[in-house]
Amino acid sequence: MKTKLFLSLALGATMMAGCCGTGAADTSMTVTAEDSAAVAEKAVVETILQRRSIRKYKQQPVERERLEKIIECGVYAPNGMGRQSWEVRVVDDPRLLAEIDSTYNAFAGGDTDGSFRKAAFGAPVLIFVAYDTRYDLSQVDCGLLGGNIMVSARSMGIGTCCLGGICRFFNAPEGSALLKRLDFPETHKLLYAIALGYPDESPAPKPRMMEKVKFIE
Ligand SMILES: Cc1cc2nc3c(=O)[nH]c(=O)nc-3n(C[C@H](O)[C@H](O)[C@H](O)COP(=O)(O)O)c2cc1C
């Protein structure tokens, strides 16, 4: 497999050298499979380490094609017994998002103190994730799905923020009409949401408590 990739990359480099009129193939341009793997590893690790929760978004819609790819990355997460026990709803309709905001604003007390509290920091996309109440590990499935969504979005320059608080609103009587619109089956309960959109801030990564991790020998 590696040899095959090396050969096709080397062939590509040879053809490029040929088309540019340099004559003989320049072997210094060949890229090995090991080089490609190292570049991919660096990109994945950097994407994970640099992801941050984004709480300020540009009012720029996210292209449907990119959104679908991000969701695809989500559902390719590992999941218990291959059940894919989550249910996912994607909202990018500005009218529905505005309705969620105004209902949430009243719930969160924005009307009383004169502020306007948005449910998801004005993100142009909200992804809702519900777990299967009949499966004890469904919440793990849902968490892994979200991790993939947030990391793949970051790799495309798209920001996200995991939102737990918003679900208290959706699961309260004030949010019940909106929850119904999400059309989750009776067997599922809303667990969390993800705000998603092009970031309008770039916070530095937050430090982590590495001492919570122990290698047991
Ligand atoms: C289960 C869960 C619920 C969260 N709920 C909220 C929330 O309601 N509002 C919010 O602003 N951030 C929320 N966050 C984001 C966390 O505050 C954030 O991930 C954490 O502070 C680490 O920062 P980082 O994501 O920038 O690395 C939530 C994250 C998780 C995993």
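This briefing covers the sheet, the ligand shell and one serine of the structure above. The model is predicted, so local features need pLDDT of at least 70, side-chain atom pairs count only at pLDDT 80 or more, and totals for chains, interfaces and linings use all residues. Residue numbers start from 1 along each chain as its sequence is written.

**The sheet**
- An open sheet is formed by 4 strands in the order 1-2-4-3, with antiparallel pairing; strands are DSSP runs of E, at least two residues, numbered from the N terminus, and two of them pair if DSSP finds at least two bridges between them.
- Strand 1 (87–91) and strand 3 stand at the edges with a single partner strand each, so one side of each has no neighbour in the sheet.
- Strand 1 pairs with strand 2 (residues 125–132) in the antiparallel sense over 5 bridges.
- Valine 88 has valine 129, in strand 2, as its bridge partner.

**The ligand shell**
- Around the ligand are Arg52, Ser53, Arg55, Cys161, Cys162, Leu163, Gly164, Gly165, Tyr192 and Lys206; a residue is near a molecule if its C-beta atom, placed from the backbone, lies within 6 Å of it.
- Strand 3 (residues 159–163) gives the most to this shell, with 3 residues.

**Serine 155**
- Serine 155 lies in helix 6 (residues 138–155); helices are DSSP runs of H or I, at least four residues.
- Serine 155 counts as partly exposed because it has 15 C-beta neighbours inside 10 Å (20 or more would be buried, 12 or fewer exposed, with C-beta atoms placed from the backbone).
- The C-alpha atoms of serine 155 and arginine 51 are separated by 8.8 Å, although the two residues are 104 residues apart along the chain.
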